[in-house]
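Trainee: I am new to this structure. Can we go through it step by step?

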Amino acid sequence: MLEIRWHSRAGQGAVTGAKGLADVVSTTGKEVQAFAFYGSAKRGAAMTAYNRVDDKPILNHEKYMNPDYVLVIDPALVYTTDVTMNDKPETVYIITTHMSTDELVASQPKLAGKNVHTVDCIKIAQETIGKAIPNTPMLGALMKVSGMYEMDFFKESMVRVLKKLPKKIIDANMEAIQRAYDEVK
Amino acid sequence: MADTMELRDIEVWDGNMAAAQALRQVQVDVVAAYPITPSTPVVENYANFLANGYIDGEFVMVESEHAAMSGCIGASAAGGRVATATSAQGYALMVETLYQASGMRLPIILNVINRALASPLNVNGDHSDMYLGRDSGWIQFDAYNPQQAYDLNFVAFKVAEDHDVRLPVMVHQDGFMTSHTAQGVKTLSDEVAFNFVGEFQPMNDMLDLDHPVTHGVQTEEDWHFEHKARQHNDLMTKVFPKIQAAFDAYEALTGRKYNIVECYDMDDAEVAVVCMGTSVETAVEVAKEQRAKGIKAGVVGIRVIRPWPFEQIAQAFQGCKAIAALDRSSPNGAPGMLYNELAGTLYNAATRAVLTGYVYGLGGRDLTKSLLNQIYADLVANAAAGKPTTALQQLIGVRGPKLEFL
């Protein structure tokens with residue numbers, strides 16, 4: 001069982017990101033689960049979304065999770081929420097920030113000694129998609145850090161997931177995914 | 001003629017989309033609906049399919065859930081295939097019309113996306129709304145995941161519209177935990193799905209002007225009891241064979257097997273948890289982990305809540321030594337519904353298992369595997385002692401001092 005927890009603000013696309021990832025993973029024959037804990041359900045409020053992936057049917061519906069990956073797509077949540085909650089020694093973090101990994105860890109001591117990667121998904125999204133929707137770039141960064149899928153396969157799959165959007169937006173998302181893949185440290 | 005939608009063999013859908021796709025595939029003629037979280041996407045998706053030409057039907061926007069079910073009643077009495085969806089406060093506002101729909105023997109399908117009842121206001125999943133409707137004369141199915149929300153809708157139409165049944169059916173799923181959780185759903189093609197349910201066959205429809213009928217009549221002490229008795233008789237005797245036949249036909253079509261009472265690892269179980277919704281699946285996983293430790297643990301999931309499967313339940317617990325009934329609704333001054341129904345069912349049955357109750361998960365509070373492990377530990381102690389070692393009712397997963405009663 002692979003478990004992923006997303007930290008986001010409502011409106012930043014964590015649910016879409018988690019469901020998009022589940023859609024792609026499902027096409028490879030794996031069982032998937034994608035859900036969210038909406039909290040106060042107001043735009044801008046801190047929220048968490050979750051993915052589970054397994055080779056056998058997923059029966060567990062608890063929200064409690066010891067994540068393998070923690071994906072943080074809003075830079076401030078590292079300080080205002082506990083993104084390390086219920087982690088384990090091997091948990092991998094990918095965090096959106098304009099800072100370097102060292103600067104980030106220095107600014108939030110809870111991340112000291114953890115496997116932390118950083119990428120500026122907000123900036124990438126603004127420069128490619130034109131809006132601060134950092135979900136698809138985070139998936140590009142996840143592909144790089146996890147080695148889950150080849151980039152060509154992943155991007156082809158995401159084009160299908162996003163097919164209802166205008167072509168210009170889809171192209172911008174593909175660029176965002178590639179940039180985050182290349183830039184994550 | 002509606003367009004066909006090409007679906008992949010497995011789509012990643014949440015429970016709401018799964019239910020909406022089923023409503024599209026059976027080509028529901030009329031949806032009268034008023035949106036409420038977390039059920040909104042069911043009717044929103046129906047409206048979307050309709051607007052894009054995938055359904056030949058009618059979406060009626062109304063001013064309340066009372067009006068929504070009233071619209072459904074009118075459309076169903078007129079002679080159409082009818083469905084809608086609701087949750088919580090919307091369901092509560094519908095209650096008066098729920099009794100009208102079942103008493104008028106109208107085969108309406110209601111997707112209930114289970115949610116807590118205010119106050120305090122809460123949009124998350126528990127079973128208070130589902131419990132509220134249990135004496136309303138509807139058939140109630142419970143889905144534990146999006147696949148089942150999809151499948152049970154087809155079974156619901158098949159059973160409801162059978163001319164020997166003619167009763168409305170609710171298909172329940174857990175708010176958010178199923179309705180907003182995306183999982184792989186094995187799909188049917190539009191043609192196969194529609195043919196399983198078939199063309200709607202009207203009965204006593206008001207638009208059949210050659211055979212005028214009256215709907216919604218008044219009966220006082222002269223006839224009221226006879227009508228209610230006949231409805232109860234049909235629920236007690238006619239519905240289960242039709243549900244079983246529909247489950248069998250669905251299994252033959254899809255390979256997916258449903259049972260009126262779902263038993264997991266119950267053949268030799270000594271301790272068993274009984275619950276509904278997503279909790280069933282989490283409990284099944286915990287029971288397997290208990291088995292790995294040598295505990296003979298099982299799970300019973302209630303698939304058909306109404307009519308209550310008295311005989312199948314009594315059968316399920318033969319050989320069981322301790323049972324926990326898990327209620328996801330505040331009984332507000334009584335034992336929980338499942339506890340009471342099980343006690344009533346097992347009192348004259350062969351089993352003499354120790355029965356205790358737990359109230360859990362109100363307002364979407366997480367049912368963790370850790371809590372389920374504690375319940376099994378209680379059950380093992382009860383089985384060994386041959387009597388309750390805890391209070392008969394415990395509240396679990398709630399903060400503050402331990403609350404237990406009876």
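Mentor: Start with one term: a contact means heavy atoms within 4.5 Å. Keep in mind that this is a predicted model.

Trainee: Among contacts in chain B between residues at least 6 apart in sequence, what share joins residues at least 24 apart?
Mentor: Take the contacts of chain B whose partners are at least 6 apart in sequence. Then keep those that join residues at least 24 apart. That share is 80%.

Trainee: What is the figure for chain A, for residues 24 or more positions apart?
Mentor: Again, count contacts in chain A with a separation of 6 or more. Residues 24 or more positions apart account for a share of 62%.

Trainee: How many helices and strands does chain B have?
Mentor: Chain B has 406 residues, and 58% of them count as buried. Its helices and strands number 13 and 16.

Trainee: What radius of gyration does chain B have, and what would a compact globule have?
Mentor: The C-alpha atoms of chain B fill a box of roughly 70 × 55 × 45 Å along the principal axes. With 406 residues, a compact globule would come near 22 Å. Chain B agrees with that, at 21 Å.

Trainee: Which pattern does chain A follow along the sequence?
Mentor: Chain A holds 7 helices and 6 strands. Read along the sequence, they give β-α-β-β-β-α-β-α-β-α-α-α-α.

Trainee: How much of the accessible surface of chain A belongs to carbon and sulfur atoms?
Mentor: Of the 185 residues of chain A, 54% count as buried. The accessible surface of chain A comes to about 8,100 Å². The part that belongs to carbon and sulfur atoms is 54%.

Trainee: Is Asp68(A) buried or exposed?
Mentor: Asp68(A) sits in the loop between β3 (46-54) and β4 (69-72) of chain A. The cut-off for buried is under 20% relative accessible area. Asp68(A) has 15%, so this residue is buried.

Trainee: Which backbone nitrogen does the side chain of Asp68(A) reach?
Mentor: Beyond its sequence neighbors up to four places away, Asp68(A) touches several residues, including Met1(A), Lys88(A) and Val92(A). Its side chain also comes to 2.7 Å from a backbone nitrogen, that of Glu3(A).

Trainee: Which residue takes a positive phi just after α13(B)?
Mentor: Helix α13 (residues 369-385) of chain B reaches 24 Å from its first C-alpha to its last. Its buried residues include Leu371(B), Ile375(B) and Leu379(B). Among the elements that cover the buried residues are α10 (278-292) and β11 (297-302). Just after the helix, a positive phi of about 70° belongs to Gly386(B).

Trainee: Which residues does Arg134(B) touch, not counting residues up to four places away in sequence?
Mentor: Arg134(B) lies in the loop between α5 (128-132) and β6 (139-142) of chain B. At 28% relative accessibility, this arginine counts as partly exposed. Its contacts are Gln140(B), Arg306(B) and Met337(B).

Trainee: How many disulfides does a search of the whole structure find?
Mentor: A disulfide is a covalent bond between the sulfur atoms of two cysteines. Cys275(B) is buried at 0% relative accessible area, and the closest cysteine sulfur, in Cys263(B), is 12 Å away, too far for a bond. For Cys320(B), the nearest cysteine sulfur, also that of Cys263(B), is 10 Å away. Over all chains, the number of disulfides is 0.

Technical notes. Residues are numbered from 1 along each chain as its sequence is written. Chains are lettered from A and ligands numbered from 1 in the order in which they are written. Side-chain values use heavy atoms; hydrogens and water are left out. Helices (H or I, at least four residues) and strands (E, at least two) are DSSP runs, numbered from the N terminus. Buried means under 20% relative accessible area, exposed over 50%, partly exposed in between (1.4 Å probe, protein chains only). Accessible areas come from the Shrake-Rupley method with a 1.4 Å probe; for residues, only the protein chains shown count as cover. A disulfide is a pair of cysteine sulfur atoms within 2.5 Å. A polar contact is a pair of N or O atoms within 3.5 Å; within protein, one must be able to donate a hydrogen and the other to accept it, and residues adjacent in sequence count only if both atoms are side-chain atoms. The radius of gyration is taken over C-alpha atoms; the globule rule is 2.2 Å times the number of residues to the power 0.38. The expected span of a helix is 1.5 Å times one less than its number of residues.
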